[in-house]
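Have the sequence and the 3D view open as you read.

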Amino acid sequence: MTVRGVLNLKIITAEQMAALTRENAVYCGRRPVRKWKGRKAAPPADWLVADVNLGSVWGNQFYARPDPVADYAEWLWSAAGRRDRAWSDLYLLHDRWLLCWCVPDDCHCHVIAAAVEGKRWTRAGEGKEERA
């Protein structure tokens, strides 16, 4: 399984925006404080939203910590051992775009994308790849 990619909502093109639907995209950020399509709003409410504030299993509850992406990666990887829904439902993200505001910086979307492929996320140049 794989995701289509991770898109930055700050620099998304009109063509990319027009191609996004609730069937092929998942918003992975917190409640939006930035503009979506020129206004302060979230992606359409009927999209599958990966937001801890909205009760998603994939939202990053560690966003206030010093290294939220690494903490999220450790938590998600351990979810496999706990048989947690965050791990068992990753198949729902297959062939979807993950949307966030962080890219190209490290983001929990990168952790999710790696997990969908059955890989453990590491920062570029660190460690070796592990498979689930």
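Which residue in strand 5 is the bridge partner of Tyr-27? The bridge partner is Leu-99.

## Ground rules

This is a predicted model, where local features need pLDDT of at least 70, side-chain atom pairs count only at pLDDT 80 or more, and totals for chains, interfaces and linings use all residues. Residues are numbered from 1 along each chain as its sequence is written, and side-chain values use heavy atoms, with hydrogens and water left out.

Three strands make up an open, parallel sheet, ordered 1-5-2 (strands are DSSP runs of E, at least two residues; helices are runs of H or I, at least four; both are numbered from the N terminus). Strand 1 (5-8) and strand 2 sit at the edges with a single partner strand each, so one side of each has no neighbour in the sheet. From one strand to the next, the twist averages 30°.

Strand 2 pairs with strand 5 (residues 97-100) over three bridges, in the parallel sense; pairing takes at least two DSSP bridges between the strands. Helix 4 (residues 108-116) packs on the sheet, touching strand 1 and strand 5, and its direction makes about 165° with that of strand 5 (axes are lines fitted to C-alpha atoms, for helices over the stretch in contact; angles run from 0 to 180 degrees between N-to-C directions).

## Asn-24

Asn-24 lies in the loop between helix 1 (14-19) and strand 2 (25-27). Its relative accessibility is 10%, so Asn-24 counts as buried (under 20% relative accessible area, with a 1.4 Å probe and protein chains only).

Leaving out residues up to four places away in sequence, Asn-24 touches Arg-4, Ala-19, Asp-95, Arg-96 and Trp-97, contact being heavy atoms within 4.5 Å. The Asn-24 side chain reaches the backbone oxygen of Ala-19 at 2.9 Å.

Definitions and conventions
Buried means under 20% relative accessible area, exposed over 50%, partly exposed in between (1.4 Å probe, protein chains only). A polar contact is a pair of N or O atoms within 3.5 Å; within protein, one must be able to donate a hydrogen and the other to accept it, and residues adjacent in sequence count only if both atoms are side-chain atoms.
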